[in-house]
Amino acid sequence: MIKRNEGFANLAAGYLFPEVAKRRREYLAAHPDAKIISLGIGNTTEPLTPHITKAMVDYAAGLGTAAGYSGYGDEQGLTALREKIAERLYPGMASSDEVFISDGAKCDIARIQMLFGRSVRIAVQDPAYPVYVDGSVIVGAAGKPLADGGHDNVTYLPCTAENGFFPDLSVIKPDTLIYFCSPNNPTGAASTREQLASLVDFAIKNGCIIIYDAAYFAFIRDNAIPKSIYEIPGARQCAIEINSFSKLAGFTGVRLGWSVVPSDLKFSDGTSVKKDWNRVMTTLFNGASNIAQRGGLAALDDEGIKETKSLVDYYLENAKIMKKTLCGKNFVAAGVKVYYTGDSPYLWVQFPGQKSWDMFDRILDECRVVTTPGSGFGPAGESYLRFSCFGHRSDVEEACRRLEQFKL
Ligand SMILES: *Cc1c(COP(=O)(O)O)cnc(C)c1O
């Protein structure tokens with residue numbers, strides 16, 4: 001018989017979101033009439049916008065005609081879309097041949113792990129989006145599991161209120177692959193120009209490569225905060241950016257993302273990283289959906305940019321409403337601390353002295369509101385809950401009314 005990939009045995013027990021879903025199901029089974037509101041999983045809820053929808057509908061209709069049909073396209077994506085991303089999002093920072101279109105950021109993160117293989121050491125923010133570590137575990141790069149829930153080839157970088165949610169970089173060993181997400185999921189922290197400059201400087205000095213996950217760049221409203229790592233001088237020598245239309249334009253189900261791999265980025269033997277990435281994308285990937293790519297093109301013209309800005313504004317307004325509630329008398333009196341700067345869809349809320357899963361259960365039980373336990377994103381997330389602002393306004397308002405009555 002064939003031996004199981006030992007990477008799977010090294011994975012930590014349950015993936016976070018299935019456990020959240022299980023507890024929700026169990027609650028509903030015991031309370032069949034309860035109207036549960038989810039402020040948990042980071043899934044978009046509002047419809048695609050009209051201009052972007054029309055571009056996809058028109059293109060899809062064309063596919064049903066002899067004149068409009070197209071089959072496989074370039075694996076790297078439509079040239080027009082690569083050019084538009086370079087021009088609109090990376091002016092003077094990256095060129096179109098450095099942009100690779102994909103079926104989403106999570107999938108790119110998985111393929112990145114093939115690019116670096118199993119011998120690379122990795123570092124992640126703690127707490128972090130689970131795929132950085134779990135994907136590395138599956139390919140064998142994370143090493144063996146440790147008793148504390150970590151892995152022996154992974155350097156965990158605690159990001160807490162005490163360090164302003166920006167890690168101490170000095171614990172990272174040379175030649176490490178550093179996963180870095182800003183604005184951050186789950187903490188919501190958007191790193192400043194100075195912080196990112198220190199990260200880039202550290203990476204260059206220590207031969208590290210940064211995998212910069214910018215999936216939430218569209219939520220940045222503070223003009224002083226960089227929307228791309230390439231706004232930092234030197235980043236072209238040390239960083240890959242991973243990005244997505246999911247949170248920008250509500251493409252979570254449509255599926256469209258991109259990566260940027262600058263020509264300046266090299267492996268220790270002098271090989272261009274971009275050359276190998278091109279090989280990964282052309283060998284293991286067969287191009288993003290042609291319909292989705294037309295939606296991406298529309299999202300980046302003037303009309304589309306206007307639409308996606310108001311879509312993101314809608315969610316940011318939800319966050320404002322939630323922040324007001326979570327900073328209310330009942331929460332303040334219990335010592336609850338709300339971390340939210342207005343540049344992300346996530347409120348990161350600390351319940352000092354409490355366990356994340358205990359607070360999750362209490363809020364589910366007493367408010368019928370689903371949140372996400374911070375400890376599920378890493379040990380430094382213990383005592384926190386993540387509140388997501390993706391939701392219909394009426395649901396958010398109802399959840400807030402219930403939370404205002406919550407007796408902590
Ligand atoms: C949602 C999310 C993604 C996933 O993007 P897709 O393009 O939908 O695969 C990537 N990174 C982070 C941090 C996310 O929260």
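1. F219 is a buried residue, with a relative accessible area of 0%. Buried here means under 20% relative accessible area, exposed over 50% and partly exposed in between (1.4 Å probe, protein chains only). Y216 also counts as buried, at 3% relative accessibility.

2. The model is predicted: local features need pLDDT of at least 70, side-chain atom pairs count only at pLDDT 80 or more, and totals for chains, interfaces and linings use all residues. Residues are numbered from 1 along each chain as its sequence is written, and side-chain values use heavy atoms, with hydrogens and water left out.

3. The whole structure holds 23 aromatic pairs. Rings of Phe, Tyr and Trp (its six-membered ring) pair if their centres lie within 6.5 Å; planes under 30 degrees apart are stacked, over 60 edge-to-face, the rest tilted.

4. F331 and F406 make a tilted pair, because their planes meet at 45 degrees, with centres 6.2 Å apart. This pair links distant parts of the chain. F331 is in helix 12 (residues 329–333), while F406 is in the segment after helix 14 (393–404), 75 residues apart. Helices are DSSP runs (H or I, at least four residues), numbered from the N terminus. Both F331 and F406 are buried.

5. One aromatic cluster is formed by F17, F165, Y339, W348, F377 and Y384.

6. Two arginines sit over rings. R23 lies over the face of W357, 4.1 Å from the ring centre. The charged end of R386 is over the ring of Y346, at 4.1 Å from its centre. The criterion: NZ of Lys or CZ of Arg within 6 Å of the ring centre and within 35 degrees of the ring normal.

Definitions and conventions. Helices (H or I, at least four residues) and strands (E, at least two) are DSSP runs, numbered from the N terminus.
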